[in-house]
Structures are given as structure tokens and as C-alpha cells.
Amino acid sequence: PMTMPAAESERIRGYLIGQAAKLTIPELVEKVRTDSAALKAAGESVPGNQFDARPAEGEWSAAEVWTHVLEMSEHGARSIAGIIEGGRLPERAADVISGETRTALRDSGAYWEAYLAIREPLYERVLQAKGDEHLDVKMTHPWFGEFSWREWFLFMRVHDLDHMRQLQAIAAALS
């Protein structure tokens, strides 16, 4: 499994907590939506005929990266809605590579459409929130610790950008 130095995880955690508290709900949604849009181009940069290819032994294919991004987006959307609406956290999905791909999704464009089908309703749900709903209910990340739903929502941006860089590296390795 991947690891991260404690100082780096604390720096990221501090950023997420500070920004999630500072930004208004519309600003949070705009930041996540705008910055995460870079996933589209990163995915499209992977040659379509190599979408399922792993660039090296033990590394993820673009399809596996996208599947992981979708799984984490689904978990975040379910959890954030559950907390805002009822102050409860649904069952946790693991932030690990499942090793699976969504066989019905054959290319980055199809994954992007599936991503938007999860994310756009989440953005709309968050925009309807006051912003102070059940902030005591925490979601736990293995590296970064406990987050309120606002902090986790912003974490989804960091997660997307991390995997955007992974998709760019896959594209570079395969081209």
C-alpha cells in the first residue's frame, strides 16, 4: 500500500480543515467542480487502445484508476448526503484499489460521463446545504484522520487531483 510522510499528511489535513471552514458552500462546490474537471483531459490523454494496459508491473491501468475514482465518488456522495440529511454515516467503502474495472465503460469518455452522473447530483445536494449540518459526524481517512462532511467534500478534490496526476503519468508511460 502507498504511504505518506506524517508531515505531508498533516499539511494536507490542515489545508483541508482550514479551507473547508473558510469557504462558503458555493465557493466549495465551485472549487471542487472546477479543479476536478481536469480529470477529463487527463483520462483522454491515455491512448484509447491502452486504457486497460498497466504501464508497469504492480501499477494501475487507466481503467483501474477511473474505477477507483468512481468508487470513492460514490462513497463520498452517499456519505455526505447521509450526514447532511440525517446525521448518519453509511457503510464505509475502502479507499483501496479494488483491482476491478467497470466493464461497461470502455474508455475515458464513458468513465467521465459516469463520474458526472455521481458528481453533479452531489454538487447540487451540497449547494442546498446550509453548511453547518451535523459537522460533529466524522468520516475517517486512513492517512488524514477524521473529517466533517465539508472537509471530506474538499478532500474529494485532492483525491481527484492525485489521480489526475496518476492518469497523466500513465499516458506518458504508454505513449
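## Helix 1 and helix 6

Helix 1 and helix 6 are oblique to each other, a label for angles that are not under 35 degrees (roughly parallel), over 145 (roughly antiparallel) or 65 to 115 (roughly perpendicular). Their axes come within 9 Å and cross at roughly 125°; axes are lines fitted to C-alpha atoms over the stretch in contact, and angles run from 0 to 180 degrees between N-to-C directions. Helices are DSSP runs (H or I, at least four residues), numbered from the N terminus.

In helix 1, Ile 12, Tyr 15 and Leu 16 are among the residues that meet helix 6, where the partners include Arg 150, Glu 151 and Leu 154. Contact means heavy atoms within 4.5 Å.

## Basis of the model

This is a predicted model, in which local features need pLDDT of at least 70 and side-chain atom pairs count only at pLDDT 80 or more, while totals for chains, interfaces and linings use all residues. Residues are numbered from 1 along each chain as its sequence is written, and side-chain values use heavy atoms, leaving out hydrogens and water.

## Helix 4 and helix 5

The axes of helix 4 and helix 5 lie 10 Å apart, at an angle of about 15°. The two helices are therefore roughly parallel.

## The nonpolar core

The largest nonpolar core has 50 residues, and Trp 66, Ile 80 and Phe 153 have the most contacts inside it. Such a core is a set of buried Ala, Val, Leu, Ile, Met, Phe, Trp, Tyr and Cys residues joined through side-chain atoms within 4.5 Å; buried means under 20% relative accessible area (1.4 Å probe, protein chains only). Helix 6 gives the largest share of this core, 13 residues.
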